[in-house]
Amino acid sequence: MRSLYTTLFFVLLSATLFAQPPGQPEGGVPLIKGNIKGILVDSLTQSPLEYASVVLTLPGGKMLDGVVTEPDGSFKIRDVNAATYAVQITFIGYEPKTIPGLTTTPEHPDFDLGYVFLVPMGINLDEIVVAEEAPIMESKIDKIVYNADKDLTNTGGDGADVLRKVPLLSVDLDGNVSLRGNSNVRIFINGKPSSMFAGSIADALKSLPADQIKSVEVITTPTARYDGEGSTGIINILMKKPELEGLTGSIDVSVGTRSNNAGLNLAHSRGRFGLNMNAGTRFTWKRPGTNSFYREDDLPGGLTRVLSQDGKNHSAWRGFNGSIGAFYDFNAYHSLTSNVRINGRQYVRDGLTENYYNDPEAMILQNYSRINDDKDLSSGFDWSTDYRRTFAGQKDREWTMAYQLSGDFSDESTRIEQSGEPTLLVNQDNLNQGLNLEHILQTDYIHPLTKMMKLETGLKATLRRLTSDYAYRNYDEMTGQFVEDPLTSGAFNYLQDVAAAYLSTTINLGENYAVIAGARYEYTWIEGDAVNGELPFTNNYGNLLPSAIVQRKFGPFSSLKVAYSQRIQRPGLRYINPYQQLSDPRNITVGNPTLLPELTNQIELSYNAFANGTVYNASLYYQNTADVIENFLTVNPEGASVTTYQNIGKKEAIGLNLFTTAGFFKKKLTVRVSLDVNTYSATGTVNGVTLSNEDLVWRSFINMNYDFGKGYKAEMFGMFRSQNVSLQGRTPNFWMYSFAFQKEFGKSWQLGIRIVEPFNLNKSFRSDLEGPTFRQKSDFTVPFQSFGVSARYRFGKIEGRSRDRSTRIKSDDLKGGDDQQF
């Protein structure tokens with residue numbers, strides 16, 4: 001393994017040394033170099049033109065170097081050898097200009113062009129300012145894009161609320177996400193992995209105020225340049241990050257009966273340097289809830305053991321996130337971007353549960369009470385730095401290097417006080433501190449072989465170190481202190497390293513056909529500590545993951561696409577952590593360190609069309625997954641329900657997605673409708689027992705937006721998701737609806753009202769699970785009705801310009817944990 005990293009290091013070093021620098025005239029290196037400079041101005045207004053492109057070429061057209069103009073319109077091309085050149089100048093909205101015959105000599109190495117005038121042409125407003133709002137939904141060759149900042153009903157919500165409105169996605173009450181009915185999906189922020197999703201995806205989404213999310217991309221058939229992880233696809237959440245000239249920003253505040261948000265966005269750029277930052281917080285009021293649980297399991301002799309529980313609880317949630325980033329353009333072809341993101345969240349819950357337990361075989365009949373006080377605190381960071389190199393005269397040629405360091409820290413504590421007969425008395429603390437540290441080094445190269453063919457290749461190394469330090473402490477009446485139990489306490493260390501290389505080709509076959517085909521090879525090293533008295537374990541494996549997309553265009557507004565991909569899904573920390581969550585000693589949750597990765601093959605046929613102002617999107621797909629990872633419940637000899645994770649076997653799914661957007665009444669009313677239906681068919685053998693389950697799962701939503709004019713807008717959103725299905729049973733269905741109203745005051749102020757479930761104060765959710773020897777039902781109720789008001793203030797100078805500064809790290813790597821907290 002060490003030799004592989006050494007090889008990777010030298011490959012990256014070689015790429016750096018041999019990256020082509022700006023060219024220079026033939027004939028050797030002269031003894032003295034000079035500069036070519038000038039000042040670019042508008043020929044009509046005489047005002048300077050900032051950020052125009054100035055390229056130095058040889059008389060034959062070979063491009064050598066380039067710069068962009070400064071705020072005063074000035075530019076300077078440095079270190080020019082003695083020769084004859086031409087300068088090509090381009091800027092959006094102006095006629096291009098070429099100045100030939102610029103000769104420098106050793107005697108006169110500098111050339112001053114003075115004022116250079118550009119003539120305005122018919123200005124295309126779409127390239128300079130947003131003259132018309134972007135559509136809420138867009139469909140592209142490899143992804144669907146939901147522009148969340150155009151949806152009024154998102155105001156005052158969180159990340160889970162936003163994802164509920166995205167076609168193909170389903171989000172339950174707790175914030176657990178699935179794509180086409182499958183939870184094996186990878187989520188990242190601004191095109192890169194984030195430590196905030198290393199543990200509970202649901203908790204991470206709750207910490208993201210909806211007002212800070214710009215858009216969401218759903219990639220169902222990732223090409224070879226993406227990590228192989230995420231068996232059903234990738235979700236990329238793009239946060240708001242202004243990239244406008246000058247100082248810009250916005251302040252968002254929303255207050256509601258259920259949750260509250262606040263956010264700040266700032267950005268400043270001038271010339272070749274820019275700085276941006278954002279900060280946000282979200283918290284809920286303490287809310288009451290109820291829960292019930294009933295389980296029967298069969299004993300020898302026809303006897304039945306029963307566990308029944310009823311309880312009340314209060315819970316609250318709070319979180320924050322923020323980031324600061326900067327970029328610098330050395331010239332038109334070399335740029336550096338760096339960004340730091342932090343996040344934190346806390347979940348608290350206390351409750352009282354009344355319990356009834358009857359074991360006729362052991363002749364045990366118990367009635368007892370249990371008080372729980374749970375606290376879950378976590379925080380994390382991501383730091384990424386990207387270098388980008390483009391090449392004069394070759395629009396699509398690009399080389400990048402990127403590094404990212406991520407960390408996620410978790411601190412869980414559970415206090416249990418149980419009362420009843422003397423044998424049931426418990427006064428215990430459960431503690432679990434976790435760390436997920438990750439290093440990523442990546443390089444990518446894009447080379448246009450011809451006008452019709454493009455090649456992409458790259459290398460990537462991911463190093464993960466996961467640690468869980470857990471302790472069980474019992475209260476000592478003599479000392480008045482909690483004393484750690486060494487037999488049940490311990491630490492778990494887990495290493496997972498992945499090395500990858502990929503090759504992908506894009507071919508345009510005339511005007512109507514396009515093909516993207518490639519393959520990615522990933523090799524994985526896994527090492528883990530001893531667990532439950534067993535020996536330390538290792539597991540190494542390699543996977544070749546092919547992918548292909550073929551697109552046929554039917555005119556400018558419709559296309560047919562066929563795609564195939566193979567994906568892998570490695571288990572994350574929550575799935576492998578052997579720490580036992582004992583907030584209820586008769587309902588235990590524990591991870592499984594020996595889990596194998598899932599492997600999914602997917603074939604998709606999709607059609608997109610636009611006609612008479614209406615967008616149509618339909619896709620049919622088939623998925624086949626081996627070594628499926630699912631929750632699996634058993635009942636141990638002591639009568640406790642034990643939930644862990646198992647490779648249950650194989651699963652197949654056939655699905656249909658339908659989505660449409662239509663405008664009515666001269667586009668004042670916009671209606672979006674989505675329907676997603678898929679089969680669930682799973683078969684597996686676990687603990688020597690063969691199980692199977694089949695069902696139909698569906699999800700749908702409707703969203704209506706009406707623009708009354710003069711800054712008044714209204715929206716309605718409604719969604720329904722049927723019961724999710726697993727090998728052992730079904731989890732609750734989920735539905736909700738909301739209304740939003742907004743008034744804009746000029747270009748700076750927005751005021752809004754958001755109403756969620758005005759006629760339903762609470763929601764109740766029931767789950768049913770069944771095994772060969774048990775039947776289990778659970779139900780919980782939480783407040784859901786919400787009324788809120790929001791305000792947004794935008795400020796700053798708005799002069800449009802934008803350049804691609806997204807990180808080239810595209811990790812979609814681990815299966816995230818589902819959160820069962822209510």
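Let me begin with the basis of the work. This is a predicted model, in which local features need pLDDT of at least 70, side-chain atom pairs count only at pLDDT 80 or more, and totals for chains, interfaces and linings use all residues. Residues are numbered from 1 along each chain as its sequence is written, and side-chain values use heavy atoms, with hydrogens and water left out.

I turn to confidence. The pLDDT, the predictor's confidence in each residue from 0 to 100, averages 81 over the protein, and 83% of the residues score at least 70. Helices (H or I, at least four residues) and strands (E, at least two) are DSSP runs, numbered from the N terminus. Strand S18 (residues 287-298) has the highest confidence, at a mean of 94, whereas helix H2 (residues 125-128) has the lowest, at 33. Across residues 122-133 the pLDDT is below 50, and this stretch has 10 contacts beyond near neighbours in sequence; a contact means heavy atoms within 4.5 Å. Residues 798-804 also fall below 50, with 22 such contacts.

Next, the charged pairs. Side chains of opposite charge can pair when their charged atoms come close. The structure holds 23 salt bridges, each defined as a side-chain nitrogen of Lys or Arg within 4 Å of a carboxyl oxygen of Asp or Glu.

One of them joins Arg-345 to Asp-408, with the closest N and O atoms 3.9 Å apart. Arg-345 belongs to strand S20 (residues 334-359) and Asp-408 to strand S22 (residues 394-419), so the pair ties together parts that are 63 residues apart in sequence. Both Arg-345 and Asp-408 are buried, where buried means under 20% relative accessible area, exposed over 50%, and partly exposed in between (1.4 Å probe, protein chains only).

A second bridge pairs Arg-473 with Asp-429, at 3.0 Å between the closest N and O atoms. It links strand S24 (residues 453-476), which holds Arg-473, to strand S23 (residues 426-450), which holds Asp-429, 44 residues apart. Arg-473 is partly exposed at 26%, while Asp-429 is buried at 12%.

In a third, Glu-757 meets Lys-763 at 3.1 Å. Glu-757 is buried at 0% relative accessibility, and Lys-763 is buried at 6%. Arg-295, Asp-297, Arg-305 and Asp-359 form a salt-bridge network.

Finally, is Ser-606 buried or exposed? Ser-606, in strand S32 (residues 598-611), is buried, because its relative accessible area is 5%. Beyond neighbours within four places in sequence, Ser-606 contacts Ser-559, Leu-560, Lys-561, Ala-618 and Ser-619.
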